[in-house]
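My notes follow in the order in which I looked.

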Amino acid sequence: MVHMLIGTILRNKGSDVTTVAPGATVRELLAELAGHNIGAVVVSSDGVTIGGIVSERDVVRRLHDRGAAVLDLPVSAIMTTEVTTVGPHENVDSVRRTMTTQRFRHLPVVENGRLVGIVSIGDVVKSAIEELETEKASLVDYLHR
């Protein structure tokens, strides 16, 4: 069985990554999340290096802890700075296990030190389903020969 690579997911979904500057306000971050219908963005001052990652869950938790004043704070005040990343040549099964055990919903994809994409748990699950459907079709075809 051939195992799908993260790069294959990026080729199918595209490599666009929404980023936000560390100095952007949480309010501006929320506009980006809503405008792109996404759950997390990479925090980057230049669009290619990673300073952090911030998700809608981060915002909700900080709102709960600190109140509405969070909306005017810079994203850098609430972002996760220790970001786990993956490479495009990594196996999707391995990444799925990492995402599940570490409870990550989004992983930036980095190649040669540059941000080249982002995968979500939804992307990874979708690829697993597609792989199972292909395997099932092959088995059915084999049985009906």
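**Entry 1: the sheet**

I started with the strands and found an open sheet of three, ordered E1-E2-E3, with mixed pairing. Strand E1 (19–20) and strand E3 (52–55) are the edges: each has a single partner strand, so one side of each is left without a neighbour in the sheet. I took two strands as paired if DSSP finds at least two bridges between them. Strand E2 (residues 40–43) runs antiparallel to E3, and four bridges join the pair. I looked up Ala-40 and found Ser-55 of E3 as its bridge partner.

The model is predicted: I read local features only at pLDDT of at least 70 and side-chain atom pairs only at pLDDT 80 or more, while totals for chains, interfaces and linings use all residues. Residues are numbered from 1 along each chain as its sequence is written, and side-chain values use heavy atoms, with hydrogens and water left out.

**Entry 2: the whole chain**

I counted five helices and five strands in the protein chain. Helices (H or I, at least four residues) and strands (E, at least two) are DSSP runs, numbered from the N terminus. Their order along the sequence is α-β-α-β-β-α-α-β-β-α. The C-alpha atoms fill a box of roughly 65 × 35 × 25 Å along the principal axes.

Of the 145 residues, 34% are buried; buried means under 20% relative accessible area, exposed over 50%, and partly exposed in between (1.4 Å probe, protein chains only). I then checked contacts (heavy atoms within 4.5 Å). Of those between residues at least 6 apart in sequence, 58% join residues at least 24 apart.

**Entry 3: the cores**

What does the largest nonpolar core contain? It has 14 residues, and those with the most contacts inside it are Val-20, Leu-29, Val-54, Val-75 and Ile-78. I used the term for a set of buried Ala, Val, Leu, Ile, Met, Phe, Trp, Tyr and Cys residues joined through side-chain atoms within 4.5 Å. Helix H2 (26–36) and E2 are the elements that give two or more residues to this core. H2 gives the most, with three residues.

I followed Val-20 next. Leaving out residues up to four places away in sequence, Val-20 touches Leu-29, Val-41, Val-42, Val-43, Ser-44 and Val-75. There is also a second, separate core of 13 residues, which includes Ile-6, Val-92, Met-99 and Ile-121.

**Entry 4: the hairpin**

I moved on to E4 and E5. Strand E4 (106–111) and strand E5 (residues 114–120) run antiparallel and are joined by six bridges. For Leu-107, the bridge partner in E5 is Val-119. The two strands form a hairpin with two residues between them, and Asn-112 in the turn has a positive phi of about 55°.

**Entry 5: positive phi in loops**

Most residues other than glycine have a negative phi, and I noted two further exceptions. Asn-37 has a positive phi of about 55° and sits in the loop between H2 and E2. Is Asn-37 buried or exposed? Asn-37 is exposed, with a relative accessible area of 72%.

Arg-103 has a positive phi of about 60°. Arg-103 lies in the loop between helix H4 (92–102) and E4, and is exposed, with a relative accessible area of 69%.
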